[in-house]
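Please keep the structure in view while reading.

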Amino acid sequence: MGAERVNAVKTSFFGKGAISLLPAELKKRRYSRALLVTDRFLFDTKVAERVGDEILKADMEYAIYYEVTPNPTTEVVNACIQAARALQVDVLVAVGGGSAIDTCKAVSIVLANGGSVEDYEGEEKSGRRGIPIVAVNTTAGTGSEVTSFYIVTDNVRHSKMCMVDTNCMVDIAINDTDFMMSMPPGLTAATGMDAMTHAIEAALTWKSTPLTDKDAYWAIRVIREYLPRAVRDGSDVEAREMMAYAQNVAGMAFSNAGLGMVHAMAHALGGFYNLPHGVCNAVLLPYVLEYNGRFAEAAPRFRRIGDALGIGAAEPDAVKAVVNAVRALSAQVGIPAGLRELKNVKEADFPALARLAMADTCMSANIGKAAPEDVIGVYRAAM
């Protein structure tokens with residue numbers, strides 16, 4: 001497909017070799033000093049250095065912070081803030097998936113607004129635009145490069161803080177499949193099902209609109225077609241590129257329509273047990289769909305989701321058909337069938353998890369209003 005430029009409020013570059021377009025964009029914006037934010041694996045394997053070489057072509061200085069972890073914590077964010085302040089950087093460059101990008105978003109907001117990252121939990125808590133962010137995606141799932149969402153784990157409360165803030169949004173996004181080809185099948189599956197969850201939840205929120213639906217249903221169709229291919233053969237360039245587009249479009253859908261009960265419950269689960277976010281979403285998705293299927297206003301949406309999944313189900317059977325299709329796709333790409341297969345999950349913790357989920361920002365957009373006992377029931381069903 002090749003590299004191309006997609007113009008929006010922010011700047012996004014897509015396709016194989018798209019990283020080569022970064023230096024000119026950096027020069028145009030007159031940045032001078034960057035902090036490249038990544039994890040130790042991408043540092044050790046020289047992936048971050050490849051991005052650093054492009055930064056140098058823009059006649060900029062840069063340093064690397066490589067202590068990002070999956071489910072980044074307040075400790076990780078605070079250490080990154082200290083590094084950025086000491087270096088007096090004017091741009092952050094995330095190299096990785098959602099963890100690196102979310103870390104940069106948190107750092108960006110605190111640098112521009114002061115205080116601590118905990119001050120910004122919730123919706124639109126900052127008053128000032130964060131410092132600029134460049135996101136170089138190495139996965140295809142979170143959509144964080146186009147969303148106003150970011151997640152940071154609070155180890156004190158064993159919970160994930162969900163922030164929704166338009167001041168955190170990425171300025172330059174790079175979706176170059178050269179950085180995605182080496183993703184192993186398990187990570188490809190987990191991030192891909194994360195994107196599927198984004199698209200389906202965006203279609204099922206009470207805040208959805210025809211504009212967000214356009215993106216959500218398109219992403220569902222594309223992920224259903226290309227995710228199994230990307231998992232089966234990581235060198236399939238077309239599958240990688242289409243998944244990059246799909247996760248980006250799903251991100252735009254949910255950034256405007258919101259998410260729902262799956263993400264609220266997954267945030268609680270992942271924060272409590274330090275589990276991979278995409279896997280938590282994928283395991284919970286069919287069970288929450290069964291729950292949401294009881295609401296009358298969801299019926300026509302399930303029919304449209306079924307159409308996007310290639311089912312063509314009649315409306316009375318659409319919920320069951322969609323749930324079965326999601327389970328089949330998860331099984332096809334190797335996602336665990338239930339919570340029992342995840343490390344350390346215990347039924348005794350479900351009331352605590354439900355309290356965390358009920359307090360999560362994402363819960364408010366769910367198509368139906370859930371009570372704590374409903375959430376506990378879904379966790380039990382998913383066990």
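In this predicted model, helix H6 contributes six residues to the lining of the largest pocket, the largest share of that lining. The volume of the largest pocket is about 1000 Å³. The lining comprises 48 residues, and Gly-97, Gly-98, Ser-99, Thr-139 and Leu-187 are the closest to the pocket centre.

**Lining of the largest pocket**

- Several elements each supply at least two lining residues, among them helix H2 (40-44), helix H3 (47-57), helix H5 (98-113) and strand S8 (149-154).
- Helix H6 (185-204), helix H9 (261-273) and helix H10 (277-292) likewise supply at least two residues each.
- Sorted by class, the pocket is lined by 20 nonpolar, 21 polar and seven charged residues.

**Packing of H6 with H11**

- H6 packs with helix H11 (residues 299-308) at an angle of about 150 degrees, and the two axes lie 9 Å apart.
- Because angles over 145 degrees count as roughly antiparallel, H6 is roughly antiparallel to H11.
- The crossing of these two helices, H6 and H11, is right-handed.
- On the H6 side the contact is made by Ile-200, Ala-203 and Leu-204, and on the H11 side by Arg-301, Phe-302 and Ile-305.
- Five nonpolar residues and one charged residue make up the contact of H6 with H11, with no polar residues.

**Packing of H10 with H14**

- H10 and helix H14 (residues 372-382) pack with their axes 9 Å apart, at an angle of about 135 degrees.
- H10 and H14 are therefore oblique to each other.
- Their crossing, that of H10 and H14, is right-handed.
- From H10, the residues Leu-284, Tyr-287, Val-288 and Tyr-291 meet Asp-374, Val-378, Tyr-379, Ala-381 and Ala-382 of H14.
- In the contact of H10 with H14, eight residues are nonpolar, one is charged and none is polar.

**Largest cavity**

- Two cavities of 30 Å³ or more are counted in the model.
- The largest cavity holds about 50 Å³ of space.
- Its lining consists of Ile-200, Glu-201, Leu-204, Thr-205, Leu-259, Gly-260, Val-262, Leu-285, Val-288, Leu-289, Asn-292 and Asn-366.
- H6 and H10 each provide at least two residues of the lining of the largest cavity, and H10 gives the most, with four residues.
- By class, seven residues lining the largest cavity are nonpolar, four are polar and one is charged.
- Ile-200 and Leu-204 line the largest cavity and also take part in the contact of H6 with H11.
- Val-288 likewise lines the largest cavity and is among the residues of H10 that meet H14.

**Second largest cavity**

- The second largest cavity contains about 40 Å³ of space.
- Ala-140, Met-183, Thr-188, Leu-227, Ala-230, Arg-240 and Met-243 form the lining of the second largest cavity.
- Helix H7 (210-232) and helix H8 (237-257) each contribute at least two residues to the lining of the second largest cavity.
- The class count for the lining of the second largest cavity is five nonpolar, one polar and one charged.

Note on methods: Residues are numbered from 1 along each chain as its sequence is written. This is a predicted model: local features need pLDDT of at least 70, side-chain atom pairs count only at pLDDT 80 or more; totals for chains, interfaces and linings use all residues. Side-chain values use heavy atoms; hydrogens and water are left out. On a 1 Å grid over the protein atoms alone, a cavity is a set of points where a 1.4 Å probe fits but cannot get out, and a pocket is an open set with protein on both sides within 12 Å along at least five of seven lines; lining residues have an atom within 4 Å of a point. Grid points are joined across faces, edges and corners, and a volume is the space filled by probe spheres set on the points. Ala, Val, Leu, Ile, Met, Phe, Trp, Tyr, Cys and Pro count as nonpolar, Asp, Glu, Lys and Arg as charged, and the others, Gly among them, as polar. Axes are lines fitted to C-alpha atoms, for helices over the stretch in contact, and angles run from 0 to 180 degrees between N-to-C directions. Angles under 35 degrees count as roughly parallel, over 145 as roughly antiparallel, 65 to 115 as roughly perpendicular and the rest as oblique. A crossing is left-handed if the near helix is turned anticlockwise from the far one by less than a right angle, and right-handed if clockwise. Contact means heavy atoms within 4.5 Å.
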